[in-house]
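Reader: I've got a model open and would like to learn how to read it feature by feature. Can we go through it together?

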Amino acid sequence: MTVTIVGSQLGDEGKGGIVDLYGDGADVVVRYQGGDNAGHTVVHQGTEYKLSLVPSGVVRGRTGVLGNGCVVNPTTLFEEIDALKERGLDPDVRVSARAHVILPYHRVLDGGEEAAKDDLAAGTTGRGIGPTYEDKAGRRGIRVGDLLDPSVFRTRLEYAVEHHRTVAEEVYGIEPGDAFDVEALFERYQSFADRLRREEMVVNCGEFLAEQRAAGKSLLFEGAQGTAIDIDHGIYPYVTSSNTTATGAPAGTGLAPAVIGDGEIVGIVKAYLSRVGTGPLPTELGSVDGQTPPDGGRPEHAELATWIRDEGGEYGTVTGRPRRVGWLDMPMLRHATRVNGFTGLAINHLDVLAGLDSVTVGHAYELDGETIETMPPTTERWGECSVIEKTFDGWEPFDPSVADDGISALPENARTYLEYISDELAVPLYAVGIGPGRSETIVLENPFELSD
Ligand code: IMP
């Protein structure tokens with residue numbers, strides 16, 4: 001049995017909490033794309049854990065796997081593992097031999113490229129994600145398995161450093177520093193290799209997962225970021241460099257598409273919209289300096305935006321940056337539903353909107369005088385869309401302890417809002433998040449109990 005959890009919007013939909021909730025039914029939790037650009041927050045026994053790379057299921061004693069579609073920064077990997085150990089946990093983390101390694105020069109290049117791009121900058125997390133995936137596609141990357149073979153590692157490192165040193169100096173005008181020092185890098189990464197070897201962390205991911213399935217284990221695939229920042233299906237170029245959608249799960253793990261497709265695919269939806277990074281955002285309220293384009297946002301709603309940002313704690317988990325906020329964007333969700341084939345929805349942060357007189361959604365767009373219900377394929381056209389809104393009566397704040405009493409305990413107007421989303425997407429509601437804690441989620445279905 002497999003369950004795949006996917007962000008349906010722009011990342012930060014609260015996937016960590018849902019992975020944590022459904023993770024009880026899983027034996028193995030697998031990340032299939034991205035790296036330490038993801039920010040997952042898990043609250044376990046009153047303690048908050050913030051993870052950017054390690055699959056959040058390890059907090060509850062599940063085996064965590066970083067699949068071949070991931071890009072792995074060993075410094076972050078071991079920092080996170082050590083931090084969990086210091087807090088009394090014993091994390092079991094495996095890393096695909098085929099996953100690509102983020103090296104320090106990737107971060108330098110990430111910064112260089114962003115600075116050079118100016119208005120085209122994606123507002124990256126600066127973690128070197130894009131340059132590492134570029135190296136993968138450019139066949140000059142270094143994989144986790146290569147670290148374990150010193151002569152292969154050395155040869156590939158020498159080539160990559162030479163290549164990137166030229167780019168850094170001649171394209172970005174950066175003075176290459178320690179990040180481009182072959183000897184220092186070789187030594188440091190060999191010490192990572194020693195630890196990976198010693199702790200038997202490196203696996204042939206597809207084989208490992210197939211064996212787990214054959215042994216009757218349940219697998220949970222933990223998507224990072226969201227559909228609208230998928231490299232193929234997102235708002236290019238303001239995207240991350242991997243397939244964040246369910247599509248990424250087979251390619252990023254080595255299991256067949258049918259294995260993922262036969263399982264459940266749960267779309268995680270935030271009850272409004274938030275965004276870290278640049279580019280258009282048709283339903284944006286207010287604006288955030290350095291991220292909202294000069295002609296974007298709706299400054300007249302700045303106060304409402306600040307209220308939602310503060311109520312929702314909309315500040316980046318990884319970078320601390322204030323997030324841009326807006327109303328729920330239904331065309332974005334229709335697009336995500338088609339791309340991913342959601343079998344269920346988990347709608348989070350419903351509590352954040354409580355207390356507003358009314359709650360609005362972007363129901364459709366108007367583009368060139370026509371009404372469209374899904375996202376146009378280019379980001380520039382998306383930016384030209386005006387929003388056709390639909391407004392719902394608001395609901396009063398409620399005590400998150402109503403989670404125990406099920407959905408019928410929610411205020412009627414909140415239920416109307418949820419039903420609208422589920423009906424429009426023709427996807428059933430599996431869970432509703434009404435607070436940050438695990439007990440503050442109304443569970444209508446547990447996908448691990450649905451089929452086999
Ligand atoms: P990168 O993934 O660091 O290359 O950043 C590319 C784009 O994806 C930027 O707009 C980031 O803000 C965005 N991004 C990357 N990771 C996350 C995430 O976990 N949540 C939300 N946005 C993200």
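Author: Let's begin with Asp-12, which counts as partly exposed at 21% relative accessibility. On that scale, buried means under 20% relative accessible area, exposed means over 50%, and partly exposed is in between, with a 1.4 Å probe and protein chains only. Before we go on: this is a predicted model, where local features need pLDDT of at least 70, side-chain atom pairs count only at pLDDT 80 or more, and totals for chains, interfaces and linings use all residues. Residues are numbered from 1 along each chain as its sequence is written, and side-chain values use heavy atoms, with hydrogens and water left out.

Reader: Where does Asp-12 lie, and what is its phi?

Author: Asp-12 sits in the loop between E1 and H1. Its phi is positive, about 60°, although Asp-12 is not a glycine. The element names come from DSSP runs numbered from the N terminus: helices are H or I with at least four residues, strands are E with at least two. Ala-426 also has a positive phi, near 55°, and is not a glycine either. That residue is in the loop between helix H14 (412-425) and strand E20 (429-433), and at 69% relative accessibility Ala-426 counts as exposed.

Reader: And which residues are joined by a cis peptide bond?

Author: Tyr-236 and Pro-237, with omega at about 5°. Pro-237 belongs to the loop between strand E10 (219-222) and helix H9 (248-251).

Reader: Now the charges. How many salt bridges does a search of the whole structure find?

Author: The general idea is that side chains of opposite charge can pair when their charged atoms come close. Here the search finds 23 salt bridges, each being a side-chain nitrogen of Lys or Arg within 4 Å of a carboxyl oxygen of Asp or Glu. Our Asp-12 takes part in a network of salt bridges with Lys-270, Glu-314 and Arg-323.

Reader: What does Asp-36 form a salt bridge with?

Author: With Arg-107, the closest N and O atoms being 3.3 Å apart. Asp-36 is in the loop between strand E2 (28-31) and strand E3 (40-44) while Arg-107 is in helix H3 (residues 104-117), so the pair ties together parts 71 residues apart in sequence. Asp-36 is buried at a relative accessible area of 1%, whereas Arg-107 is partly exposed at 34%.

Reader: Which side chains meet that of Arg-195 in salt bridges?

Author: Asp-82 is one of them, at 2.8 Å from N to O. That pair links distant parts of the chain, with Asp-82 in helix H2 (residues 74-86) and Arg-195 in helix H7 (residues 182-198), 113 residues apart. Glu-199 also meets Arg-195 in a salt bridge, at 2.8 Å from N to O. Arg-195 counts as buried at 15% relative accessibility; Asp-82 is partly exposed at 30%, and Glu-199 is partly exposed at 33%.

Reader: How about side chains reaching the backbone? Which backbone oxygen does the side chain of Thr-2 reach?

Author: The one of Val-259, at 3.3 Å. This is a polar contact: N or O atoms within 3.5 Å, where within protein one must be able to donate a hydrogen and the other to accept it, and residues adjacent in sequence count only if both atoms are side-chain atoms. Thr-2 lies in strand E1 (residues 2-7) and is buried, at 3%. Asn-348, in strand E16 (residues 344-348), is buried too, at 7% relative accessibility. A polar atom of the Asn-348 side chain lies 2.8 Å from the backbone oxygen of Glu-13, and the side chain of Asn-348 reaches the backbone oxygen of Gly-14 at 3.2 Å.

Reader: Last one, pockets. How many residues line the second largest pocket?

Author: Rolling a probe the size of a water molecule over the atoms shows where empty space is left. The second largest pocket is lined by 30 residues, with Gly-279, Pro-280, Pro-293, Asp-295 and Gly-296 nearest its centre. Here a pocket is an open set of points on a 1 Å grid over the protein atoms alone, where a 1.4 Å probe fits, with protein on both sides within 12 Å along at least five of seven lines; lining residues have an atom within 4 Å of a point. Helix H13 (residues 379-384) gives the most to this lining, with four residues.
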